[in-house]
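Here's a quick briefing on aromatic pairs and nonpolar cores. Have a look at the model first.

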Amino acid sequence: MNRNDSVYVAWQAPDTHDWHVVGNLQARKTEYVFNYTKGALTSPKFTKFSGMNDVAETYVSEELFPLFKNRLLSPRRPEYPKFISWLGLDGANAEPIEILARSGGMRSTDQLQMFKRIEIGATGEFEHFFFAHGLGYMPASANERVSDLKSGDCLRLCLDIQNSYDNAAVLIRADSPSEIVGYCPRYFAREIKSMLLDEGSTIKLSVERISDDAPHNYRLLCKVSGKVSSSYLDHMRILEEFQPVV
């Protein structure tokens, strides 16, 4: 599987607010394939998706499944070019999987979010893009600080070890002047935390794009890159919640 053609589905449990990786969508040459992952088995609150009632089944369709298609903004909408620009994608060539991964495919009616898993090369190098979360809950000074940032500016990843709500939380900090400007998305914050503990000095975060006219969740696009150890690569391969149930 080429992860560039794959997106994972994260679901937030209503009771604990923990995020679980519950599914994987792949785009192949002539079809889409969906499988539930073992994260779907970790919470009794999880409800299987409409038309996909068997977690042990592999679902195949020539068209994008309605669950995902309904999360894409129609190219016919007048705001589509601006939306694609916020995502930092090429509107003429952006594939549905790319749009879902970068935008998150979020809807106000459920607790689902799409994301690409961080793709790590055979020798440990990686580069990944994500939007900073939580900016809408930050003080006005944080939003002003984001407006002052420029593409290429360095940011810092900081373990929020005293966070009683999420012990894997990773803060994003701008320097000179210092200001907390958001968080890593919770559905892969634990992975980022593990990377920092593994090879923290090699992990770099920078501003990829600032969109001041965008909603808070699309304002600060970040790029994280670096290199992890071979032992960490082995750890990544066996993470249970990403493994298909089938």
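This is a predicted model: local features need pLDDT of at least 70, side-chain atom pairs count only at pLDDT 80 or more; totals for chains, interfaces and linings use all residues.

Residues are numbered from 1 along each chain as its sequence is written, and side-chain values use heavy atoms, leaving out hydrogens and water.

**Aromatic rings**
- Rings of Phe, Tyr and Trp (its six-membered ring) pair if their centres lie within 6.5 Å; planes under 30 degrees apart count as stacked, over 60 as edge-to-face and the rest as tilted.
- That rule gives 19 aromatic pairs.
- Phe34 and Phe49 make a tilted pair, because their ring centres are 6.0 Å apart and their planes sit at 55°.
- Phe34 is buried too, at 0% relative accessibility.
- Ring pairs also join Tyr8, Trp19, Phe115, Phe130, Tyr187, Phe188 and Phe242 into a cluster.

**Nonpolar cores**
- A nonpolar core here is a set of buried Ala, Val, Leu, Ile, Met, Phe, Trp, Tyr and Cys residues joined through side-chain atoms within 4.5 Å.
- The largest one has 38 residues, and Ile120, Leu157, Ile172, Ile192 and Met195 have the most contacts inside it.
- Another core, of 22 residues, lies apart from that one and includes Val7, Phe34, Ala101 and Leu112.

Conventions. Buried means under 20% relative accessible area, exposed over 50%, partly exposed in between (1.4 Å probe, protein chains only).
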